[in-house]
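Please look through the sequence and the structure before starting.

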Amino acid sequence: MKSLLTFPKGGVHPPECKAQTQGLGIEIMPVPDELELILGQHIGAPCTATVAKRDEVIEGAVIGEVQKGLGVPLHSPVAGKIKNLATSVHAVRVSAPSITIEVDREAAPVQYQKVDWQQLAGADLLAKIHDAGIIGIGGAGFPTHVKLNPPADSPVDTLVLNGAECEPYITADHRQMLENPGQIVEGAKIILKILGITRCFIGIENNKPDAIREMTKAAEQASGGEYSITIQPLQVKYPQGSEKQLIQAITGRKVPAMALPSAVGVVVQNVTTAKAIYDAVVYGKPLYEKVVTIAGKGIARQANLQVKIGTKVRDIVKYLGGLQPGLAKVVMGGPMMGFAVSSLDVPVTKTTSAVLFLTEDEIDTKPHSQCIRCGWCLDACPMGLEPKEIGIYVEANRAQDTAQFGVFDCFECGSCAYVCPAKRPLVQFIRLAKMKAKRQ
Amino acid sequence: MSIQQASDDQTTAPAHLWKVSVSPHLKSSESVEKIMWTVVACLVPPLILSVFVFGIQTLLITAVSVISCVVVEAVSQKTLGRPVTIKDGSAVLTGLLLAFVIPPGVSPLLPILAAVFAIYIGKHLLGGIGYNFFNPALLGRAFLLASFPVAMTSAWLSPVEGFGIFSYLAGSVDAVSTATPLAVMKEQGMAIFTETFGSGASLYGSFFLGWRPGCIGETSGFLLVLGGLYLIYRGYITWHIPASLLGSIAVLTWIFGGESYFSGDPLLALLSGGAILGAFYMATDYVTSPTTKTAQIIYGIGIGALTVLIRLKGGYPEGICYAILLMNPLSTVLDGWFKPKRFALPAGGAK
C-alpha cells in the first residue's frame with residue numbers, strides 16, 4: 001500500500017454522503033422531448049449559433065461556433081429540429097442565450113467508427129479535441145485544447161489526472177473510473193502523446209478503494225513501453241480536487257498565485273475529461289453527453305444518470321419519480337461549490353457534475369452572527385488566507401481594501417464558511433470583495 | 001442571507017419555498033452556542049468543588065453573577081437595538097468566569113456591579129460579541145479591584161473543615177479571613193509560607209486539588225486542567241496559548257522567583273494563583289486573543305512575563321488578571337505582524 005498523499009495546509013472533512021449513489025451504475029436516461037443548449041458552456045467567448053430556427057440537425061452536428069476568442073464548438077446531442085433561439089434559465093447568470101432542439105424520435109442513433117489514434121500526430125489529436133467541443137468537465141469548463149497546448153516558455157513534464165472527487169454526494173467520476181477505467185487510461189495516453197511527455201499520475205481519494213483497484217489494473221495493462229501511468233491514492237480531505245492542492249499533494253510543487261499549473265510543469269485534467277478525450281479521438285464522438293449524479297433526500301430516486309447536454313432538470317425529476325416533501329434547496333454541482341437554483345428549468349451543461357435535491361435537515365439554515373475571531377477559518381483555508389478579516393472588511397463597507405488579504409487567491413472552496421461557528425457567509429463576502437477590490 | 005423564492009411554477013414540486021444562497025450549502029455542526037455551553041460545562045466541576053472548599057455561599061455569588069450578566073446582556077442589547085442573544089451562552093460564561101475570579105467571602109452584591117461594567121461597558125458599548133477587545137470577565141474583576149480594594153483583597157477564606165459547607169454562612173467573614181498563598185509569599189516570605197501551608201508533596205497535592213485560599217474558581221488546578229484538556233481535545237482551543245503562558249510563568253519564576261537566580265519554585269507558581277484558570281479559560285477567549293499560532297505563542301509568553309513581573313515587582317500578589325488585560329488589545333497588533341503564510345505568492349514576489 002502506498003502512503004496516502006494530501007496537501008499540507010488547511011482543508012476540512014465534510015460528511016461524504018456518497019454511500020447512497022456510489023453503488024449505482026451509470027444509467028442512460030431516455031432522451032426528453034426537447035433540449036436547451038446554453039451557448040456559453042465554457043470559460044471564454046460564448047458560441048454563436050450556426051443554425052437557424054426550423055433547421056434540421058443530425059446527432060453530433062455543430063450548432064454553435066466561437067467566432068472570435070477562446071472556445072470550442074457546440075454540438076447537437078440528438079437528431080431533431082431547431083425549435084427556437086432564445087434564452088434559458090442559468091444557474092449563475094440567471095438567464096443565458098441558448099438553442100432549443102425538438103428531438104426527432106424516428107432518427108436512428110449515429111454509429112461512430114473506431115480509429116487507430118496512434119497513427120495521428122499531436123497537432124491532429126489536438127484538433128480533434130477542439131472539434132469535439134471538449135472542455136474541463138470537472139467543473140471549471142476551461143477549453144481542453146488550450147490547456148493541452150501550454151506556452152513554450154513553461155515546459156511540462158507531468159500529467160495529473162484528477163480522480164479525487166472530493167465534493168460530498170458526487171459519485172459520477174467514481175462510476176466512470178469503475179466502469180470505464182481502460183478508456184480513461186487510454187485517454188491519459190492520448191494526452192501524454194499530445195504533450196510529448198511520459199509521466200502521468202492519477203490521484204484518487206482513498207474513500208474509493210474499488211476505483212483505485214480498477215484503475216491500477218487498467219494502468220498496469222497500459223503501462224510499459226514508453227508511458228508510466230501511476231495511480232496515487234490520496235487522503236480524504238476537501239478540497240483535494242482543487243488543481244493547486246492536487247498538484248501540491250502529488251508532486252510537491254506549488255503553483256504561484258495567478259499562474260497556471262504549466263508554470264510548474266504540470267497539466268491537470270479530470271478523469272472524465274480523459275474519457276471524453278478518448279471518445280473524441282478514438283471514435284470521433286463530440287462531447288454531448290454527461291454523467292450526472294442525482295442525489296439528496298428531496299428526490300424520489302437517486303441515480304448516476306447519463307444525460308444529453310441540454311436536458312432540463314425538470315425532465316430528470318420526472319424520470320426519477322418526482323420531488324419529495326421537505327425539499328429545501330436544489331443545487332447544480334456539489335454542496336460545497338455548487339449553485340443553488342430557483343427553477344427546475346435549468347438545463348444540464350457540459351460542466352454539470354451533479355444535481356442535488358437537499359432537504360431541510362441536509363443543509364444549513366441557521367442565521368449568521370458576528371465574527372467571534374475564533375480563527376477556525378484561518379486553519380481551514382487551503383490558500384493561507386484570512387477569511388474572517390475579509391468578511392469584517394466587507395461588513396464595514398471596505399470591500400475595496402481587501403486586496404491586501406490576497407482575496408484573489410481564493411477559489412471559493414467554501415472550507416472557511418463550512419467550519420465557521422457563527423455560520424458567516426464568508427464565500428459571499430469574498431465574492432463581493434473580489435468584485436470591489438482592485439487587482440494589484 | 002438566503003433569498004427565498006417561490007416555487008409555485010414547479011409542477012412536480014410540493015408547494016413551499018426553496019432556498020437560494022451562495023455556496024457552501026453544507027455547514028459543520030459546530031456553532032457559537034455549542035462552544036460557549038461546552039466551556040460552561042467544563043467550568044461546572046470546579047464550581048461544585050468550590051462549594052466543598054469554601055462553602056455554599058460560592059454558589060450564591062456565582063448565581064448572582066451569572067444572572068446579572070444575562071440580565072445586563074439582555075437589557076444592553078434591547079436598549080442598543082440589537083438582537084438579544086442571551087441563549088448563545090456567552091453571557092452565562094462571562095458570569096461564571098467573573099464569579100471564578102472574585103474572593104469567596106465578598107458580598108453577593110459585588111458581582112452585580114461588576115456585571116454592569118463587564119457586559120454593558122466592556123462588551124456592548126464596544127460593539128458586542130466579537131468587538132470587545134478586553135476580556136469582559138477580567139474587566140469586571142479589575143473594576144471591582146479598583147472600586148472595592150479592601151473586600152477584593154481581604155475576603156479570602158480558609159478551606160472549610162470536613163464537609164462544613166454551611167460554616168461560613170453563620171459567622172462573620174472578617175473573623176475568619178486569611179491570606180492567599182501568593183500574598184503570604186510576597187508579604188511575609190517563604191518561612192511563614194511553609195509554616196502556614198506546609199511543604200513538599202502534600203503542599204503540591206492539596207494545592208493541585210484545590211484546598212487552599214484563593215478566588216472561587218481558581219484553586220482546583222486538577223479540575224481546571226482536566227476541562228482545559230477536554231477543550232483542546234474538542235478542538236475549541238489549541239495548546240499554544242496555555243502552554244506558552246504556563247511555560248513562561250514557570251521558567252521566569254524559576255529564574256527570578258527565588259532568593260538567588262535559578263532557585264524559584266516553578267510548580268508552586270503555577271499552582272498557587274490564578275495561572276491555570278487564566279491560561280485555559282481567560283487568555284484563550286477567542287475575541288480577545290490572536291488567531292494565528294505564532295501570534296498566540298507570543299501572546300502567551302507576554303502574559304506569562306507580565307504576570308511574573310507583577311507578582312515579583314508589582315503592588316499586587318497576583319498579576320495574571322492585569323497581564324491578560326494588558327495583552328488583550330495587542331492581539332490584533334500581533335495578528336497583523338504574524339499573518340498566515342499564503343499558499344504561494346505570484347511569481348516575481350509582488351502582491
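## Exercise 1: the contact between the chains

In this predicted model, 40 residues of chain B are in contact with 61 residues of chain A, where contact requires that the C-beta atoms, placed from the backbone, lie within 7 Å. Determine which elements give two or more residues to the side of chain B that touches chain A, and how that side divides by class.

Solution. Begin with the elements: strand S2 (17-20) and H1 of chain B are those that give two or more residues to this side.

## Exercise 2: the contact between the domains

Chain B is divided into domain 1 (32-154) and domain 2 (179-337). Describe how the two domains are placed and which helices of domain 1 of chain B supply at least two residues of the side that touches domain 2 of chain B.

Solution. Start from the C-alpha centres of the two domains of chain B, which lie 20 Å apart. The contact draws 33 residues from domain 1 of chain B and 28 residues from domain 2 of chain B. On the domain 1 side, at least two residues each come from helix H1 (32-54), helix H2 (57-79), helix H3 (90-100) and helix H5 (136-147) of chain B, and the largest share, 12 residues, belongs to H1(B). Sorted by class, the residues on this side of domain 1 of chain B comprise 25 nonpolar, seven polar and one charged.

Notes. Residues numbered from 1 in each chain as written. Chains lettered and ligands numbered in written order. Predicted model: local features only at pLDDT ≥ 70, side-chain atom pairs only at ≥ 80, totals over all residues. Domains from an automatic or database assignment. Contact = placed C-beta atoms within 7 Å. Helix = DSSP H or I, 4+ residues; strand = E, 2+ residues; numbered from the N terminus. Nonpolar A, V, L, I, M, F, W, Y, C, P; charged D, E, K, R; others polar.
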